[in-house]
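Open the model in a viewer and keep the selection panel at hand. The tour moves from one chain to the other by way of the contact between them.

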Amino acid sequence: MTSGRRRPPILVVAVALLAVAFFALPLLGLLQKASWSTLGDDLTTPAARDALRLSLVCSLSATALSVLFGLPLAWVLARVQFPGKPLVRGLVLLPLVLPPVVGGVALLAAFSNQGLVNNWLDALFGFRVQLTFTTAGAILAETFVALPFFVITVEAALRSMDRRYEDVASTLGAGRWTAFRRVTLPMILPSVVAGAVLAWARALGEFGATVTFAGNVIGRTQTLPLAVYLQLESNPDVAIALSLVLLGISLVLIVSLRDRWLQRS
Amino acid sequence: MSLTAALHLQLGDLHLDLELTVGAGEVVALLGPNGAGKTTVLRALAGLQPIESGRITIGDRVVDEPSTGSFEVPERRPVGVVFQDYLLFPHLTVRENVAFGLRSRGVGKAEARATADTWLARVGVAELAGSKPRAVSGGQAQRTALARALATEPELLLLDEPLAALDAGTRTTVRRDLHRYLSEFGGATVIVTHDALDAIALADRVVILESGHVTQAGTIEEVTTRPRSAYVADLLGVNLLRGTARGTTVELAPGPGRVIVADPVVGPVLLLIHPHAVGLHRNRPEGSARNQWEGQITGFDMLGDRVRVRLAGDVSLVAEVTPAAVAEMGLVEGESVWATVKATEVAAYAD
């Protein structure tokens with residue numbers, strides 16, 4: 001009874017505060033370093049505008065691809081029993097822990113001009129698909145790292161959903177597709193949205209795999225994180241302005257996820 | 001519009017083996033303890049659980065017969081199901097829930113909504129049409145689930161514990177209304193329940209299912225006057241003893257008790273003794289009752305304004321007395337008392 005009224009140990013609180021400061025100080029530094037008066041000009045330099053536009057295009061495309069491929073994949077992982085399933089799940093989740101630069105090297109081995117896939121295409125059909133140094137390549141790299149976030153979120157939702165609702169739908173005459181579209185999907189929609197937002201955030205911040213696989217071509221593969229890194233030497237004000245943009249987006253995402261989706265589950 | 005089913009299937013520890021026939025307009029209750037396989041029977045009839053052998057026929061359509069390889073998927077069977085907990089789709093309104101089956105079967109939106117509204121009016125929840133399921137009460141959800149199952153005009157209606165989720169007050173009203181809707185329904189109805197009162201109030205016939213097997217089947221009257229298993233006896237709150245008769249003496253099995261009955265019988269019999277026919281005495285009684293057994297009190301239960309006293313001895317049974325009698329005799333758990341039953345109060349029938 002009394003434990004609820006006891007004060008938390010002072011040492012624990014002090015260390016916790018230190019950890020909070022560790023998170024807060026870099027943000028404070030970024031805000032303090034920013035040259036607010038020239039922010040508008042910094043963000044409208046051609047390099048910054050290209051990076052902003054490209055990041056939006058690439059990250060949204062990667063999100064769309066993640067939903068398109070992730071939904072069937074999550075469904076199969078949640079609902080279909082097959083041999084080697086743990087292996088497949090491990091493979092899908094690997095990009096979550098794989099260093100992105102390694103992911104980029106692996107993508108090169110598979111999808112570069114002399115990579116595995118292009119050699120097959122050449123042997124079978126006599127053509128090669130140029131992905132390296134193209135926007136499509138940047139989208140591919142971002143999808144590679146973003147897809148797992150969508151899949152784990154949606155798979156968890158499919159697993160925890162009460163499947164008796166699908167039974168109800170089928171006894172009411174709904175075939176499997178109708179049941180999925182009218183019952184399963186609406187019931188897991190919050191998780192689908194949360195998964196898509198997480199995937200988008202990951203795609204937006206992607207650096208290692210993109211720069212390794214797609215290179216750093218202004219207007220084609222130089223997304224925001226790449227631009228930040230390169231402008232840091234030549235034009236630090238622009239780098240900080242772009243960083244603020246990414247920080248702002250991240251803050252909006254974390255707040256909206258917390259209030260809308262994460263608390264409910 | 002009738003159901004004929006012979007189901008055999010193994011599911012984990014459950015070995016299900018039963019035959020079930022329900023006529024058009026007839027209501028059959030499948031009564032049994034938890035884990036007896038009642039819900040599995042419903043799932044098999046609905047097509048959610050294929051059987052391993054046997055045959056299920058609804059109307060004149062064979063919907064499941066493994067020997068010929070015929071199996072109709074749930075969405076193609078003329079079956080309506082009211083699931084336990086009702087399971088209204090949380091993202092749809094009450095009206096959309098009821099219209100769901102019609103929409104799935106290709107009925108146009110406007111027509112499906114109009115039919116849904118008719119059904120909602122019929123079960124008395126018309127005013128809830130636009131509400132989401134989380135805003136309706138348990139009784140209203142039950143009515144909505146029933147309307148949803150009936151809206152597709154099935155030939156077979158299945159109800160899984162239709163009243164279990166309701167509180168006692170709502171239960172009585174919903175039970176009464178459900179009885180009316182079921183009597184208006186022209187198809188066959190199977191109700192799964194573990195509540196004897198639901199079975200008595202709603203069904204024409206009762207099938208007792210224990211560990212996947214039918215232990216008794218018949219009209220309510222047959223089952224209540226001639227229970228055949230300890231489970232049914234417990235439900236009805238009566239004493240059921242088993243033994244072998246020779247003349248008016250019945251040797252209990254397992255022994256060593258002995259019961260005297262009024263009319264001579266022969267062979268294996270079941271003995272039914274109502275608890276209120278059991279008298280209790282502190283000392284060996286002098287009276288005319290021909291059955292007198294000594295037993296130890298193992299416990300008390302309150303039942304309305306009566307006390308049920310559980311006795312263990314050569315003949316273990318339950319006696320029902322007034323609280324005043326318990327106080328007057330100073331009955332205490334662990335003490336020995338004498339129980340008496342007149343021979344004419346023992347109903348004996350072939351096992």
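Two residues are in contact if their C-beta atoms, placed from the backbone, lie within 7 Å. With that cut-off, among the contacts in chain B between residues at least 6 apart in sequence, 62% join residues at least 24 apart. Keep in mind throughout that this is a predicted model.

**Stop 1: chain B as a whole.** Nine helices and 19 strands make up its secondary structure. The C-alpha trace of chain B spans about 80 × 50 × 35 Å along its principal axes. Of the 351 residues in chain B, 39% are buried.

**Stop 2: a sheet in chain B.** Select strands E14 to E18 of chain B. These five strands form an open sheet, and their order across it is E14-E18-E15-E16-E17. The pairing is antiparallel. At the edges are E14(B), residues 279-281, and E17(B), residues 317-321, each of which pairs on one side only. From one strand to the next the twist averages 45°.

Which residue of E17(B) stands opposite B:Arg308? Show side chains and find B:Glu320 there.

**Stop 3: where the chains meet.** Display both chains. Here 14 residues of chain A are in contact with 15 residues of chain B. On the chain A side, the elements that give two or more residues are helix H8, residues 164-171, and helix H9. H8(A) gives the most, with six residues. Coloured by residue class, the chain A side divides into seven nonpolar, five polar and two charged residues.

**Stop 4: H3 against H9 in chain A.**

- from H3(A): A:Ser55, A:Cys58, A:Ser59, A:Ala62, A:Thr63, A:Ser66 and A:Val67;
- from H9(A): A:Ala196, A:Ala199, A:Trp200, A:Ala203 and A:Leu204.

How many residues of this contact of H3(A) with H9(A) are nonpolar, polar and charged? Eight are nonpolar, four are polar and none is charged.

Key:
Residues are numbered from 1 along each chain as its sequence is written. Chains are lettered from A and ligands numbered from 1 in the order in which they are written. This is a predicted model: local features need pLDDT of at least 70, side-chain atom pairs count only at pLDDT 80 or more; totals for chains, interfaces and linings use all residues. Helices (H or I, at least four residues) and strands (E, at least two) are DSSP runs, numbered from the N terminus. Ala, Val, Leu, Ile, Met, Phe, Trp, Tyr, Cys and Pro count as nonpolar, Asp, Glu, Lys and Arg as charged, and the others, Gly among them, as polar. A residue is buried if 20 or more other C-beta atoms lie within 10 Å of its own, exposed if 12 or fewer, and partly exposed in between; C-beta atoms are placed from the backbone. Two strands pair if DSSP finds at least two bridges between them. Axes are lines fitted to C-alpha atoms, for helices over the stretch in contact, and angles run from 0 to 180 degrees between N-to-C directions.
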